[in-house]
Amino acid sequence: MTNPTFDVIIIGAGPVGENVADRVVQGGLTAAIVERELIGGECSYWACMPTKALLRDAAALRAVAALPGARAAVTGDLDVSAVLRRRDSFASHWKDDGQAAWLESAGVTLFRGEGRISGTRSVSVIDGFGAAQTLDARHAVVIATGSSARVPEVPGLAAARPWTSREAASTPTVPERLAIIGGGVVGVEIATAFSAFGTAVTIVARDGLLPATEPFARELLTESLSAKGVSLHLDTEPTSVTRDDSGLVHIELADGTAVLADEVLVATGRMPNTSRLGLENVGLEPGDWLTVDDALLVLRDGVPVEGEWLYAAGDVNRRVLLTHQGKYQARILGDSIVARAQGTALDTAAWGRHAFTADDLAVPQVIFADPEIASVGFTVAEATRRGLRIRAVEYDLGAVAGASLHADGYTGRAGMVVDEDRGVIVGFTVVGPDVAELLHAATIAIAGEVPIDRLWHAVPAYPTVSEVWLRLLETYGRDS
């Protein structure tokens, strides 16, 4: 019996896998996608969408509280049950019927089960009953299986049944006390959400809060979380964790502090979903991150797997662990596979149609804490590490007319990093209430390599928060 054959087979039906499949079908190829969990992946059910739904109501309430007339019209506390119900709706109640219908409408064939590479251009699909079916690919197999929360090897932690981001994003109830191990994006966003729900939150962060962000952003966030009553234990780490017979979690820290909580969330990084992919069948190590070249071809001993047919996109290749950047990779990869299949030359020059340039130079990110932190491109530290001759300037965002109108007592800051040799912006960070929508202007400036001299002609409307662009340029100086 002949195995079902498709031009492209994608393992993993999260946002990355869906976008690869959509692009190759739009390009005239056939595509099959294999998924062992819910179609739509981590972002749809346990990350981006539900976590932002947890954060939004409290952010709106804070915005109202910063305006005296609106504040007088609002009474009562945040309705946490209503927040959780809205969260459930954004997670589609953890059902993927709508996503499955979309795949069908897009012309993508779905196989439910665990996908494993069984050989060159060959994928076995093992269903829930253990039955296997083999699919063959004419052109490419794409691994888009994403990543999972990593649980560090702290004595007793695994046995204490810790939450990961999945449990935090989908919990039906809110704990009275929550301890968070880790000060990265997940940790600070969950701390922001749950502290607004009335939970007593403790963060334990060995490397401090958001160590990869600009110092001014870290400082404002640390001050804000402390003001909300979040207990911060920075520059220390847990040495042991136990859950007693009553269900309480006891955490001992290296500095001698003891923390008591009803739940403990582990937010210390990610690990690749590659342990059960059959990588050993093509000479790769199960459980490892996948190394790729500039075309996202999977490398073995520094060269693409024979035949140049195996690709990896999204978290699993460890280039950038962000959903929107994985989708960016997916769109370009889908177009690249189509071009190769049709014998068309690839445009791989910087910023070309088949280049992944933004992964290196223009990655945007919003951290939906309070205050929000939005950034794109390089920090001062990263630009310096890369050997660029830079000048960095900052400006008090609260001093901008639009910000003072937006909220009484508005506190924030913006900064940009300029490559002095080329006269272009290579980094931008802004922190403050509701700054996320400022980010795309900076992303365009960096991706478009817009000269500083030209940016003087991009006049911000008055009075808007975007006037900070003019203030940054003035601080930089026209004749610098």
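In what order do the strands of the open sheet of three strands run, and is their pairing parallel or antiparallel? The order is β11-β12-β13, and the pairing is antiparallel. Please keep in mind that this is a predicted model, where local features need pLDDT of at least 70, side-chain atom pairs count only at pLDDT 80 or more, and totals for chains, interfaces and linings use all residues. Residues are numbered from 1 along each chain as its sequence is written, and side-chain values use heavy atoms, with hydrogens and water left out.

**The sheet**

- β11 (238–243) and β13 (258–261) are the edge strands, each with a single partner strand, so one side of each has no neighbour in the sheet.
- On average, neighbouring strands of this sheet are turned by 15° against each other, direction ignored (axes are lines fitted to C-alpha atoms, and angles run from 0 to 180 degrees between N-to-C directions).
- Strands here are DSSP runs of E with at least two residues, numbered from the N terminus, and two of them pair if DSSP finds at least two bridges between them.
- β11 and β12 (residues 249–253) run antiparallel and are joined by five bridges.
- Thr-242 has His-250 of β12 standing opposite.

**The disulfide**

- One disulfide is counted, the term being a pair of cysteine sulfur atoms within 2.5 Å.
- Cys-43 and Cys-48 form this link, with their sulfur atoms 2.2 Å apart.
- The link of Cys-43 and Cys-48 is left-handed, with -135° about the S-S bond.
- Cys-43 is buried at 12% relative accessibility, whereas Cys-48 is partly exposed at 22% (buried means under 20% relative accessible area, exposed over 50%, partly exposed in between, with a 1.4 Å probe and protein chains only).

Key. Helices (H or I, at least four residues) and strands (E, at least two) are DSSP runs, numbered from the N terminus.
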